[in-house]
Amino acid sequence: SNATAVGSGAADKAVGQLGITAIGKDALGALGTGPTSVGNYNTAVGWSCLDGTIDGANNTAVGVGALSADCVNDNTAMGVDALTLFTGSNATAIGSGAADAATSAANLTAVGKNAAGAVTSSDDHTAVGADALASCTTGAQNTAIGTSAAFSLTGSSNVMVGMQAGYYASTVDHSVAIGRDALLGVASFTE
């Protein structure tokens, strides 16, 4: 099976999965407990990371609690609790607490401490920068690049680029803000 496991409970239930690496207490601890023997090509480095995944494949988690729920396929999480509640596919989170509330958000990319920190199930978000898109719970299709860009945003289809761009913009839809503090004080605006 080409497996490597180091640590108490690391991949201890795996049964024939290919190409798995589990380093840390309980890393990949649930893999192989489902009805099928899938879950190939997973890498988990850190205490309790990828510990809830039963049969997901092609996942990489580095950091305590990263990708800790039963996720599906093709996810990458690096940082303490990055994507810790995520159960879906095709997500990338890098940074402590990045996308840590996300459960099933499709096509999610979060890079930076607490980036996309409140996103749960809304789709197609890209957040790059510490606290970028940190409060978005209901909006979708948003792009926030820069420290605290779109910090308070709950709207959809927005692009906020620059430090604190759209910081207080909460119920804003279909807007573009480029530059430091652009749309900083706007709370509500639609098209």
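This is a predicted model: local features need pLDDT of at least 70, side-chain atom pairs count only at pLDDT 80 or more; totals for chains, interfaces and linings use all residues.
Residues are numbered from 1 along each chain as its sequence is written, and side-chain values use heavy atoms, with hydrogens and water left out. Local features need pLDDT of at least 70 and side-chain atom pairs count only at pLDDT 80 or more, while totals for chains, interfaces and linings use all residues.

**Exercise 1: cysteines**

Solution. 
- Start with the rule: a disulfide is a pair of cysteine sulfur atoms within 2.5 Å.
- Now look at cysteine 49, whose nearest cysteine sulfur belongs to cysteine 71 and sits 11 Å away.
- Looking back from cysteine 71, the nearest cysteine sulfur is that of cysteine 49, and cysteine 71 is in no disulfide.
- For burial, the cut-offs are under 20% relative accessible area for buried, over 50% for exposed, and partly exposed in between (1.4 Å probe, protein chains only).

**Exercise 2: salt bridges**

Find how many salt bridges the structure holds, then go through the partners.

Solution. 
- The test is a side-chain nitrogen of Lys or Arg within 4 Å of a carboxyl oxygen of Asp or Glu.
- Three salt bridges turn up in the structure.
- Lysine 13 pairs with aspartate 12 at 3.6 Å, N to O. Lysine 13 is partly exposed at 42%, and aspartate 12 is partly exposed at 49%.
- Lysine 25 pairs with aspartate 26, with the closest N and O atoms 3.1 Å apart. Here lysine 25 has 43% relative accessibility, so it counts as partly exposed; aspartate 26, at 26%, is also partly exposed.
- Arginine 180 pairs with aspartate 181, and their closest N and O atoms are 3.8 Å apart. Arginine 180 is exposed at 60%, whereas aspartate 181 is partly exposed at 29%.

**Exercise 3: the core**

Pick out which residues of the largest nonpolar core touch the most other members.

Solution. 
- A nonpolar core is a set of buried Ala, Val, Leu, Ile, Met, Phe, Trp, Tyr and Cys residues joined through side-chain atoms within 4.5 Å.
- The largest one has 43 residues, and Leu28, Leu67, Leu83 and Leu108 touch the most other members.
- E6 and strand E7 (108–111) are the elements that give two or more residues to this core. Strands (E, at least two residues) are DSSP runs, as are helices (H or I, at least four), numbered from the N terminus.
- Zoom in on leucine 83: its contacts (heavy atoms within 4.5 Å) include Leu67, Ala91, Ala93 and Leu108, leaving out residues up to four places away in sequence.

**Exercise 4: leucine 183**

Locate leucine 183 and say which residues it touches.

Solution. 
- Leucine 183 sits in the loop between strand E12 (176–178) and strand E13 (188–190).
- Its relative accessibility is 30%, so leucine 183 counts as partly exposed.
- Setting aside residues up to four places away in sequence, leucine 183 touches Met160, Gly166, Tyr167, Ala169, Ser175, Val176 and Ala177.
- Leucine 183 and tyrosine 168 are 15 residues apart in sequence, yet 7.9 Å apart in space, C-alpha to C-alpha.
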